[in-house]
Amino acid sequence: MAEFSDRRSRSWTGFVRLSLLACLMSIFGLQGQSALAEEDRIIDLRLFGKKVIGDYQGCHLAFWQQNRDPLKDRFAYVFYAPFNDGEELPAWMQVGKTIYDLTRQDDAIVPEQRLEPLRLYRTSKGTYSVLVEIRDQHASGSDIIVDKAKLTIFRSKHDPFVISVKGEFQCPQEGAEDGMSSSGTPVNDREGRPIRVGRRVDFDSLSGVPSGVLAAVRRDAPDCSVGETAGLGASYAVSDAMTLWEVPCNLYARTGSSVYVTSLDSNPDYSNVLYLPEIPDHGDSYGRYELRNPQMDPGTGIVRSYLYDGDGSCGSFEAYELRAIEGEALEFFLLEYREKPVCDGVGGDAESFPLIYSSP
C-alpha cells in the first residue's frame, strides 16, 4: 500500500511538472526558436554571495550550485528567499549584472516538515520564471536540508537554463521559543539592535497609504476601524527599502489610537503589523497591537503611549523601543509599563503612575 501511495505521489508530481512546463512554454514561446542566434538565447545566470544578501541572518530558503559551499565560496548562491514572521519575501536571483526579485506563484502546501516538491516563482514583470524541483530532502532539527534539487529558469525567446543545486530552509536558533522563557514567562528574548527612523511625515488621509499596509491592518489588527477613524497618521523611513507606518486605529472619547506597520518599499504587499510584547505578570496582555496616543521619537526609535481614564487621574503609560531583529525584521522591545487602575481625583502625569515593569 505504501509503495502504491509513493507511486501515486510521484505520478502526481510528474503530472504537475508537465503541466507547469507546458504553461511556461506557452507563456514564453519556448518553441520555434531555432532562427535566433545561439548567443542571444542564453540566460546569463550568475552566482552570488554576500554582495547580494548582505548581512541578512534571518530565516531563509536558499539554493546554491551543487559543487559549491556558501560558507567557503565567495560566489555560490543561485536563489535566496528571506522570510519575515513566517512569510516568504521575494527571492533574489542574479542574471548578468541585474538582481531580480522573484515572487512565489503557487500555493501548494505539504503538512509535514518538508518543502513542496515543486515551486514556481516569477519576476514582477514576468521577465523570468523559475521552476524549483526538489528531488531529495531531510529534516535536521527545525531546519530542512535539500540534498538534491534542480532549478529551471525560463525567459521568452531564450533557452531554458537548468542548474543542479543543493539548499536549505534554515532559521537562526533562539534561546527560547516564541520569545518565552522555559518557565513560560514573557521575556525580551530577541533583543536585537535599537534603531532610529527618519523624520516624521504626517498624513491626514489614507489615500497615500499603500493598499498592502491597509490590508495588513485589516487582516492582523481586526479591532482597528481603519478607514472609519478620522485622525492624523505618519510614516517614517527605516531604510532605503523599508517604511514604518503609524496608521490611525480607533477614536475614543479622550484620545485616539494607532497601530504600527512595516512595509517593503519595492512591494508594499509585504507588510507586517508590529505586535506589542507581553507585560510580565500582568494578566492577558498577549496579541496587543493598539497604542493610545502614541508619541514616536525618531531620534531614539522609542514610542511612548499615554492613556488617561475616567476623570483623568488614572490610566497607564507604556514605552517601547524599536529594534531590528533577524536581518530586516522589526519588533517593539518593552522598556517600561506603568498603571494606575483606580481614579482617585488626584491628577498627575502618566509617566508618574505606579511602576509595573521596567526592563533590566
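Here is a quick tour of this protein model, covering confidence, disulfides and a group of strands.

This is a predicted model, so to speak of a local feature we need pLDDT of at least 70, side-chain atom pairs count only at pLDDT 80 or more, and totals for chains, interfaces and linings use all residues. Residues are numbered from 1 along each chain as its sequence is written, and side-chain values use heavy atoms, with hydrogens and water left out.

**How confident is the model?**

- The protein's mean pLDDT (the predictor's confidence in each residue, from 0 to 100) is 81.
- A pLDDT of 70 or more is reached by 81% of the residues.
- Confidence is lowest in helix α1 (residues 2–28), with a mean of 47. It is highest in strand β7 (residues 118–123), at 95.
- Those element names come from DSSP runs, numbered from the N terminus: helices are H or I runs of at least four residues, and strands are E runs of at least two.
- Over residues 30–35, pLDDT stays under 50, and the model has 12 contacts (heavy atoms within 4.5 Å) beyond four places in sequence for them.
- Residues 174–189 also have pLDDT under 50 throughout, with 20 contacts beyond four places in sequence.

**The disulfides**

- A disulfide is a covalent bond between the sulfur atoms of two cysteines. Here, the term is used for a pair of cysteine sulfur atoms within 2.5 Å.
- If you number the bonded cysteines in sequence order, the pairing goes 1-2, 3-4, 5-6.

*Cys59 and Cys171*

- The sulfur atoms of Cys59 and Cys171 sit 2.0 Å apart in their disulfide. The link is right-handed, with 120° about the S-S bond.
- Cys59 is in the loop between α2 (50–53) and β2 (60–65), while Cys171 is in the loop between β10 (161–170) and β11 (193–194), so this pair ties together parts that are 112 residues apart in sequence.
- Cys59 is buried, at a relative accessible area of 13%. Buried means under 20% relative accessible area, exposed means over 50%, and partly exposed is in between (1.4 Å probe, protein chains only).
- Cys171 also has a polar neighbour: its backbone nitrogen lies 3.4 Å from a polar atom of the side chain of Asp143.
- You'll find Asp143 in strand β9 (residues 143–155). Asp143 is buried, with a relative accessible area of 14%.

*Cys224 and Cys249*

- Cys224 and Cys249 form a disulfide with sulfur atoms 1.9 Å apart. This link is left-handed, with -90° about the S-S bond.
- Cys224 lies in the loop between α3 (211–220) and β13 (233–237) and Cys249 in strand β14 (residues 242–251), so the bond ties together parts 25 residues apart in sequence.
- Both Cys224 and Cys249 are buried.

*Cys314 and Cys343*

- Cys314 and Cys343 are joined by a disulfide, their sulfur atoms 1.9 Å apart. At -45° about the S-S bond, this link is left-handed.
- The pair links distant parts of the chain, 29 residues apart: Cys314 is in strand β20 (residues 314–325), and Cys343 is in the loop between β21 (329–340) and β22 (355–358).
- Cys314 is buried, with a relative accessible area of 4%, whereas Cys343 counts as partly exposed at 29%.

- In strand β15 (residues 256–264), 8 of the 9 residues are buried, so the strand is largely enclosed by the rest of the structure.
- Two strands count as paired if DSSP finds at least two bridges between them.
- Thr243 stands opposite Ser263 in β15, and a hairpin joins β14 to β15 through 4 residues.
- β15 also pairs with strand β16 (residues 267–273), antiparallel, over 4 bridges. In this pairing, Val261 stands opposite Val273 in β16.
- Between β15 and β16 there are 2 residues, and the two strands form a hairpin.
- Strand β17 (residues 291–292) is joined to β15 by 2 bridges and runs antiparallel to it. Here Ser258 stands opposite Leu291 in β17.

**What covers helix α3?**

- Gly212, Val213, Leu214, Ala216 and Val217 are the buried residues of α3.
- The cover over these buried residues includes β14, β15 and β16.

Notes
A polar contact is a pair of N or O atoms within 3.5 Å; within protein, one must be able to donate a hydrogen and the other to accept it, and residues adjacent in sequence count only if both atoms are side-chain atoms.
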